[in-house]
Amino acid sequence: MKRIVISLVTMALAATGLSGCANMSETQRDTGTGAAIGAVAGAVIGRATAGGNKGRSTATGAAIGAVAGAAGGYLWSQRMQQQKASMEQATRGTGVAVSQTDDNRLKLDIPSDISFDVGRYNIKPNMGPVLDGFAASLNQHAVTTVTIVGHTDSTGSDEINDPLSVNRAAATRDYLVARGVAAGRIAIDGRGSREPIADNASAAGRAMNRRVEIFVAEPAR
């Protein structure tokens, strides 16, 4: 059984190594990485939950994990990559950056010139077209879910900033819902001034910190 486990993990790690090959597609690279992670995680879980035969459970867990990990990587790449391209198209020329996070979500980074005014949570006019395009993209990919996180600069106390950050996320959600995105797909959160991305000592830095971060994910199957 130990030989089986070693063989499975070696194959998974080899897939990860192959994922760096230049002639492989993004789907193939994600599949290889998913197989490696799935194999190791499956082996650990299989052994931890085993009854009398830990070796057999470890091997089985590694095999199942490798398959599940590979499939999960493929499904994410196929569907989420399509939405990434759609979102990039929808926000082209606006200055909004669309990126992939470490946990396989898509993130919209909205630049400071279309963020919020001090102490306000209303959607600014030049932010509207960005959200219009984003809403259209979401309506074309109905299986995804959205998380909107509001932030503030350091002006004011936590008693002011915490609800203000939630209101910014809520205002963004309400704007999207008004354009046809189902409210049940959207979760909101507020972090106040606790997660700055720039120095609050300058006006430019404070403007960057007055923001919402929008994350899009495909639910696990």
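How many cavities of 30 Å³ or more does the structure hold?

1. The structure holds one cavity of 30 Å³ or more, where a cavity is a set of points, on a 1 Å grid over the protein atoms alone, at which a 1.4 Å probe fits but cannot get out. The volume of the largest cavity is about 30 Å³, a volume being the space filled by probe spheres set on grid points that are joined across faces, edges and corners.

2. This is a predicted model, in which local features need pLDDT of at least 70 and side-chain atom pairs count only at pLDDT 80 or more, whereas totals for chains, interfaces and linings use all residues. Residues are numbered from 1 along each chain as its sequence is written, and side-chain values use heavy atoms, with hydrogens and water left out.

3. The protein chain has a mean pLDDT of 76, with 64% of its residues at 70 or more; pLDDT is the predictor's confidence in each residue, from 0 to 100. Over residues 24-28 the pLDDT is below 50, although this stretch has 11 contacts in the model beyond near neighbours in sequence, contact meaning heavy atoms within 4.5 Å. Residues 65-75 also stay under 50 in pLDDT, and for them the model has 17 contacts beyond four places in sequence. Where pLDDT is low, the predicted coordinates should not be read in detail.

4. Five strands form an open sheet with mixed pairing, in the order β1-β2-β5-β3-β4; strands (E, at least two residues) and helices (H or I, at least four) are DSSP runs numbered from the N terminus, and two strands pair if DSSP finds at least two bridges between them. The edge strands, each pairing on one side only, are β1 (97-100) and β4 (186-190).

5. Strand β3 (residues 145-151) pairs with β4 in the parallel sense over five bridges, and Ile-148 stands opposite Ile-188 in β4.

6. Helix α4 (residues 128-140) lies across β2 (106-109), β3 and β5 (211-217), running at about 15° to β5, while helix α5 (residues 158-178) lies across β3, β4 and β5 and runs at about 160° to β4. Such angles run from 0 to 180 degrees between N-to-C directions, with axes fitted to C-alpha atoms, for helices over the stretch in contact.

How values were computed
1 Å grid on protein atoms, 1.4 Å probe; cavity = no way out; pocket = protein on both sides within 12 Å on 5 of 7 lines; lining within 4 Å.
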